[in-house]
Every structure is written in structure tokens, then in C-alpha cells.
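Please look over the model below before reading my comments. I have kept them brief and numbered them for reference.

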Amino acid sequence: GMKVRQDLRTMHQSATIIQSYYRMHKQQRAFRKLLLATRQIQQWFRACKERDTQVHNYMVVKSATLHIQAAFRGMKTRRRLRTMRESAELIQRRFRTFLKRKHFLSVRTAALVIQRRYRAAKLAKIQRQKYLSLLSAAVIIQSAYRGFVIRKKLEQMHRAATVIQATLRMHKTYISYQAVRLASVIIQRRYRAYREGKRVREIYLKLYNSVLVLQAAYRGMKTRCFLKKRHEAALVIQRNYRMYREYRHYRRVQWAAQLIQERYRA
């Protein structure tokens with residue numbers, strides 16, 4: 001009876017040990033399944049969080065890009081309208097100046113023609129009066145003083161030569177004045193054209209410097225976006241590589257555990 005009880009006790013202890021090992025094995029399997037599910041949930045949650053972060057960053061960058069594009073296009077349109085307005089004002093000023101100058105030239109030409117006609121008529125009247133007076137004096141004096149007539153005639157010829165010389169000198173002076181006036185007008189035109197070209201060049205240099213600043217800002221933004229994308233890609237690659245390395249370590253540990261269990265069971 002004692003031997004049977006010892007055998008039963010031994011069998012009971014063995015069954016208890018087997019049950020404890022079986023329960024431990026069952027709990028380990030459940031724990032491994034729970035750990036694998038937890039890791040999968042964590043990976044999925046991190047992937048979703050990273051995706052939301054990337055989507056948010058993309059929307060922020062897209063909104064900023066749209067705002068910058070809208071501002072740049074608006075500035076470009078305003079600048080084009082300003083340039084067109086300035087060009088229209090310049091054309092209007094030039095056209096009005098041309099009309100005023102044309103009117104002034106016509107008025108000046110008419111005034112010069114009137115002055116020449118008036119001076120010619122006045123000079124002709126004076127000459128005619130002188131001629132009539134000289135002729136009357138010559139007719140009166142011819143009968144008695146032929147010698148005096150000859151001297152008077154020489155004096156008249158001298159006076160006529162003086163008048164001709166005075167007229168010639170006046171004509172030369174007028175031609176010189178016209179040449180000086182034409183040179184002054186040409187110099188004024190060249191100086192005004194030089195000032196206008198200088199002003200237009202200053203406006204062009206300002207526009208060119210503004211375009212260079214905008215290009216530099218845009219290229220810097222583009223470079224920063226490119227570097228940011230490369231940094232995010234490097235982070236994704238590092239994260240996937242670490243996950244792959246942990247998975248390989250986990251597979252090795254799992255294989256070792258299975259090998260130990262097989263050896264232990266054997």
C-alpha cells in the first residue's frame with residue numbers, strides 16, 4: 001500500500017510538473033502572440049502618425065507656396081501695369097510736346113514771314129521816298145549844277161552801297177543767329193534724351209535688383225525644401241533599417257528559443 005501511495009505521489013508530482021510546464025509554455029505562446037500584436041499595432045500607429053505629419057507638412061508647404069506665388073504674380077502684374085502707365089504717360093508727354101512744338105514752329109514761321117514782309121515794305125517805301133526826293137532834287141538842280149549833280153549822284157551811290165552793306169551784314173547776323181539757335185535746340189534735345197535715358201536706366205536697375213532678390217529667395221526656399229525632403233527620406237530609411245535589424249534579431253532569438261525547446265523536449 002505504501003509503494004502504491006509513493007507511486008501515486010510520484011505520478012501526481014510528475015503530472016503537476018507537466019501541467020506547470022504546459023501552462024508556462026501556453027502562457028509564453030500567448031505572451032509572444034500578444035507581444036507580436038503589440039509591436040504590429042505600434043508600427044501601424046507610428047506609420048499613421050508619420051503619414052499624418054508628412055501630410056500636414058505637405059499641406060503647410062503647399063499653402064505657403066500658393067501664397068508666395070499669388071504675391072509674386074500680383075507684384076508682377078502691378079509692376080507691369082505701372083510700367084504700362086509710365087510708358088503711356090511718356091508717350092502722351094512726347095506727343096503733346098510734338099504738338100506744342102509744331103504749333104510754335106508754325107507761329108514762329110508766320111511771325112518771321114510777316115516781319116520780313118513788313119521790313120521789306122518799309123525799306124522799299126523809304127527807298128522810294130529817297131529816290132523821289134533825289135530825283136526831284138536832280139531834276140531841279142540839273143539845269144544849273146551838272147557838276148553838283150554828278151557829285152550828288154556819287155553821294156547817292158555811296159549811300160546805296162552803305163544800305164546794301166548794312167542789309168548784307170544784317171543778313172549775315174540773322175544767319176549766325178539761326179545757326180546758334182539750331183545748335184541750342186539740338187543740345188537741349190540731346191540733354192533731355194540723356195536725362196530720360198538715365199532715368200529709364202535707374203528704373204531698370206531697380207527692377208533688375210528686385211528680380212535678383214526674388215530669385216535668390218525662391219532658390220533658397222527650393223533648396224531648403226529639397227534638403228528637408230532628403231532629411232525625411234533618410235529618417236524613413238533609418239527607421240526601416242532599424243526595424244529590419246530588430247526583426248532579424250527577433251527571428252534569431254525566436255529560432256534559438258525554438259531550438260532550445262526542441263532540445264529540452266527531446
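1. **Basis.** This is a predicted model, in which local features need pLDDT of at least 70 and side-chain atom pairs count only at pLDDT 80 or more, while totals for chains, interfaces and linings use all residues. Numbering runs from 1 along each chain as its sequence is written, and side-chain values use heavy atoms, with hydrogens and water left out.

2. Helix α1 covers residues 2-142, and α2 covers 146-265. Helices here are DSSP runs (H or I, at least four residues), numbered from the N terminus.

3. **Largest pocket.** The largest pocket holds about 830 Å³ of space. Its lining has 24 residues, and R39, Q43, R46, M243 and E246 are the closest to its centre. The elements giving two or more residues to this lining are α1 and α2. Helix α2 gives the most, with 15 residues. By type, the lining divides into 9 nonpolar, 7 polar and 8 charged residues. For the classes, Ala, Val, Leu, Ile, Met, Phe, Trp, Tyr, Cys and Pro count as nonpolar, Asp, Glu, Lys and Arg as charged, and the others, Gly among them, as polar. A pocket is an open set of points on a 1 Å grid over the protein atoms alone, where a 1.4 Å probe fits, with protein on both sides within 12 Å along at least five of seven lines; lining residues have an atom within 4 Å of a point. The volume is the space filled by probe spheres set on the points.

4. **Nonpolar patch.** Which residues form the nonpolar patch on the surface? They are I17, Y21, M24 and Y264, with about 430 Å² of accessible area together. Helix α1 gives the most, with 3 residues. M24 lies in helix α1 and is partly exposed because its relative accessibility is 40%. Partly exposed falls between buried (under 20% relative accessible area) and exposed (over 50%), with a 1.4 Å probe and protein chains only. Patch members have over 30% relative accessible area and no salt bridge, and nonpolar side chains (Val, Leu, Ile, Met, Phe, Trp, Tyr) are joined within 5 Å. Areas come from the Shrake-Rupley method with a 1.4 Å probe.

5. **Salt bridges.** The whole structure has 4 salt bridges, each a side-chain nitrogen of Lys or Arg within 4 Å of a carboxyl oxygen of Asp or Glu. D52 meets R51 at 3.8 Å, N to O. D52 is partly exposed at 46%. E155 pairs with R159, the closest N and O atoms being 3.0 Å apart. These two are 4 residues apart in helix α2, so about one helical turn separates them. Both are partly exposed, E155 at 33% and R159 at 46%.

6. **R199 and E196.** Their side chains meet in a salt bridge at 2.5 Å, N to O. Both lie in helix α2, 3 residues apart, about one turn of the helix. Elsewhere, shared partners join K152, E155 and R159 into one salt-bridge network.

7. **Two pairs.** Y218 is in helix α2 and is partly exposed at 48%. Its C-alpha atom is 9.2 Å from that of I68, 150 residues apart along the chain. I175 also lies in helix α2 and is partly exposed at 46%.

Terms used:
Patches are made of residues with over 30% relative accessible area and no salt bridge: like charges are joined within 9 Å, nonpolar side chains (Val, Leu, Ile, Met, Phe, Trp, Tyr) within 5 Å.
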